[in-house]
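Hi there,

Here is the structure I promised to send over. Have a look at it first, and then read on for what turned up.

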Amino acid sequence: MNFELNEEQQALQASLSRLLGDVYGFEQRRAIAATPAGWSEAVWRQLADLGLTALPLPQAHGGFGGGAVDLLPVMQELGRALSLEPFLASVVLGATALRLAGDDDMQARLLPGVASGEVRLAWAHDEAAGHQAPLWIETVARRDGERWRLDGVKCNVLHATAAHHVVVSARVAGVPDDAQGLALFLVDAQDPGVRCRAHRLVDDTPAGELRFESATALPLHDPHDAATALRALEGTLAAGTAAVCADAVGLMESAYRLAVDYLKTRRQFGRLIGENQALRHRAAEMLVSLEMCRSMALVAAVAADDLDAPGARADLARAKLMIGRHGRGMCHAAIQLHGGIGMTEEYAVGHCLRRLALLDQLFGDVDAQSARLAAMA
């Protein structure tokens, strides 16, 4: 496997790195997090102008036809900046579900707007009773004349308040945790039957609890075609898993750089603390973890792009497991090397751990991935 980025990927990563370096420094991020929206429309427009919102979308709808491997350097740079923008929610999750399950007319109506950044999507799938169980869906869809109505509650919907439309997983038949009877629907975020209780996640990412009360919904596909729904659901969760793996590697690199810079500048007892051999050994161990996780993020991206390949699902679970485990240990080490300052709100390294804690929970934490790998054995 080639672990090097090609020239186009390197150029895109460099352009994004320069942009985020100018507009998304840590203090700028803190200012954005303190706004009511929790993200920056100005930065979002610049990401769209750079072509990032079009990267994974079909060429027929204004995109570039990229996959998870093409998104890898983008997500790494966004992770390095601890980005709060709705890229994962809209471009990765919502757009992937729409691309995999939506009919041609619906894709033609919405995906060009997503590609340009003018339309934002959200992915409403997780439910409180189904923690770490991807098929546990209690939200119900029922036919009401010529329309479909949704009733249920979705929790921790990323950037729910920023979305124009929400892609919702619901059940038209069967019982929770059943692979049969699933369907995906599109709901207008301003529909009278949608109630949103906004909140922030542990890393300040905007999210919301969406309550659907007879909300009008458009089916993305034949609602009784459970195979299409299941395939789209698995593909969306795989794309999300690969994206957060890359995001985590980016923030791990940020934590490593902060720790090494601190070792090179902090003086105690008349000498740099980086001259302490034990601390240098700790930094070396962090670098080993970082490089291993960088490789695992690429493995996850390759697996997400070809989920039907032999061993792809196991590779995806293994990558998420390893990155979650090593990422947490690395962020803890970075904070310990800083001492007390590492736990303060005003210093970036603690925010890396908070972000890692969120990413570990998304799409299955370390324990959930271990259980999945055991079931595949």
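One term before the rest: two residues are in contact here when they have heavy atoms within 4.5 Å of each other. Please also keep in mind that this is a predicted model.

Let me begin with the chain as a whole. It holds eleven helices and nine strands. The radius of gyration is 21 Å, close to the 21 Å that the globule rule gives for 377 residues, so the chain is as compact as a globular protein of that length. Along the principal axes, its C-alpha atoms fill a box of roughly 80 × 45 × 40 Å.

Of the 377 residues, 55% count as buried. The accessible surface comes to about 16,200 Å², and carbon and sulfur atoms account for 52% of that surface. If we take the contacts between residues at least 6 apart in sequence, 74% of them join residues at least 24 apart.

You will find T96 in helix α5, which covers residues 87-101. Is T96 buried or exposed? T96 counts as buried, because its relative accessibility is 7% and the cut-off for buried is under 20%. Which residues does T96 touch, once its neighbours within four places in sequence are left aside? T96 is then in contact with V91, G235, T236 and A239.

Best wishes

Key:
Residues numbered from 1 in each chain as written. Predicted model: local features only at pLDDT ≥ 70, side-chain atom pairs only at ≥ 80, totals over all residues. Heavy atoms only, no water. Helix = DSSP H or I, 4+ residues; strand = E, 2+ residues; numbered from the N terminus. Buried < 20%, exposed > 50% of the residue type's maximum accessible area, 1.4 Å probe, protein only. Rg over C-alpha atoms; globule rule 2.2 N^0.38 Å. Areas by Shrake-Rupley, 256 points an atom, 1.4 Å probe, with all protein chains shown as cover.
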